[in-house]
Amino acid sequence: MLTDLRSAFRQLVRAPLHTVTVVLILALGIGANAAIFSLVRSVLLKPLPYPDAERLVFLQQQQNIGLSPFSWPNFQDLKRDNRSFEALAVYNRSTYTVTGRGTAEQTGGTAASADFFRVLGVSPILGRVFTESKDSESGQKVVVLRESFWRRKLGADPAVIGQTLNINSQPYVIVGVLPNAVMNPAGTDFWIPITPMSKNDGWQNRRNQPGLFSFGRLKPGVTIDQAKADILAIGQRLQRDFPSDNSGILPVMQPLMAALVGSYRESLFLLLAAVGLLL
């Protein structure tokens, strides 16, 4: 064994260019495989950072032109009449202008119903989340910040609760800070209540679809197929009750994990196969 190693070492020394080439190719193959596998693991194999994440689903509407957001009345009917969900929330992610705290900036914010936090099963690291009853009754504009935004924009000030942040030139009272583990929707720096927006007359029109998507948490023991049958029956009833507004429109759902990585899954596996072939 030792003789073989010495012989191999002498051959490598006699052909340094060949040796360096082989080492570089091996390093490239091994490094690429390690990097891509780490990416595949974090995107496709690592579970979502929420309690009982397998019970989380993503909902939208299917119509003749393809997938689309909900109308506000359709979502309210779905929330009221379903028998499958422990909690069901609607949200709209958009770009907002934040001022009054250093340089003005445009950043991503999400308007969400209060059940949003219950669906994901998340708790704030500071303060509280907004609630339907308490914050609707007060009429006060409130906001929950993402931890990274709180640290970057407000210097991780622990006394930030009760202070105001100007969003689109409107003062919002900061009521809580969520941990960075809350990753949905992507690119969100803060969450504000969506209920005040729903008072707009246009939102009461079933034909109006103001960018509303939904997260849901299934009740324990309810399967994906059972929930799909449940929301399909509601959608079919809405077609009968509102034929001019809901013709061809049905709610659809899929596991949240599949919704998040579905468009990347095939590409990532092909990339993993390619670097494996290189190795």
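Reader: Thanks! How many helices and strands does the protein have?
Author: The protein has nine helices and 11 strands. They are DSSP runs numbered from the N terminus: helices are H or I with at least four residues, strands are E with at least two. This is a predicted model, in which local features need pLDDT of at least 70 and side-chain atom pairs count only at pLDDT 80 or more, while totals for chains, interfaces and linings use all residues. Residues are numbered from 1 along each chain as its sequence is written, and side-chain values use heavy atoms, with hydrogens and water left out.

Reader: How much of the protein is made up of buried residues?
Author: Of the 279 residues, 41% are buried. Buried means under 20% relative accessible area, exposed over 50%, and partly exposed in between, with a 1.4 Å probe and protein chains only.

Reader: Let's pick a helix. Which residues of α3 are buried?
Author: Helix α3 covers residues 72–81, and its buried residues are W72, P73, N74, F75, D77 and L78.

Reader: And what covers the buried residues of α3?
Author: The cover includes the strands β1 (56–63), β3 (85–99), β10 (213–218) and β11 (250–255), along with the helices α7 (224–241) and α8 (243–246).

Reader: Which residue caps the N-terminal end of α3?
Author: That is S71, with a side-chain oxygen 3.3 Å from the backbone nitrogen of N74.

Reader: Switching topic: what is the volume of the largest cavity?
Author: About 60 Å³, and the structure holds one cavity of 30 Å³ or more. A cavity here is a set of points on a 1 Å grid over the protein atoms alone where a 1.4 Å probe fits but cannot get out, and lining residues have an atom within 4 Å of a point. Grid points are joined across faces, edges and corners, and the volume is the space filled by probe spheres set on the points.

Reader: Which residues line the largest cavity?
Author: The lining consists of Q61, F70, N74, L78, I234, G235, L238, N246, I249, L250 and P251. Elements giving two or more residues to this lining are α3, α7 and β11. The largest share, three residues, comes from α7.

Reader: How many of the lining residues are nonpolar, polar or charged?
Author: Seven are nonpolar, four are polar and none is charged. Ala, Val, Leu, Ile, Met, Phe, Trp, Tyr, Cys and Pro count as nonpolar, Asp, Glu, Lys and Arg as charged, and the others, Gly among them, as polar.

Reader: Now K153. Where does K153 lie? Is K153 buried or exposed?
Author: K153 lies in helix α6. K153 is buried, because its relative accessible area is 14%.

Reader: What does the side chain of K153 pair with?
Author: The side chain of K153 has a polar contact of 3.0 Å with the side chain of E105. A polar atom of the K153 side chain also lies 3.0 Å from the backbone oxygen of R101.

Reader: Last topic, the backbone. Which peptide bond is cis?
Author: The bond from N184 to P185 is cis, with omega near -15 degrees. P185 sits in the loop between β8 (170–178) and β9 (190–193). Most peptide bonds are trans, and most residues other than glycine have a negative phi.

Reader: What is the phi of A156, then?
Author: Phi of A156 is near 55 degrees, a positive value in a residue other than glycine. A156 is in the loop between α6 (147–154) and β7 (164–167).

Reader: And what about the phi of S169?
Author: S169 has a positive phi of about 70 degrees, although S169 is not a glycine. S169 is in the loop between β7 and β8, and S169 is exposed, with a relative accessible area of 63%.

Note on methods
A polar contact is a pair of N or O atoms within 3.5 Å; within protein, one must be able to donate a hydrogen and the other to accept it, and residues adjacent in sequence count only if both atoms are side-chain atoms. Contact means heavy atoms within 4.5 Å. On a 1 Å grid over the protein atoms alone, a cavity is a set of points where a 1.4 Å probe fits but cannot get out, and a pocket is an open set with protein on both sides within 12 Å along at least five of seven lines; lining residues have an atom within 4 Å of a point.
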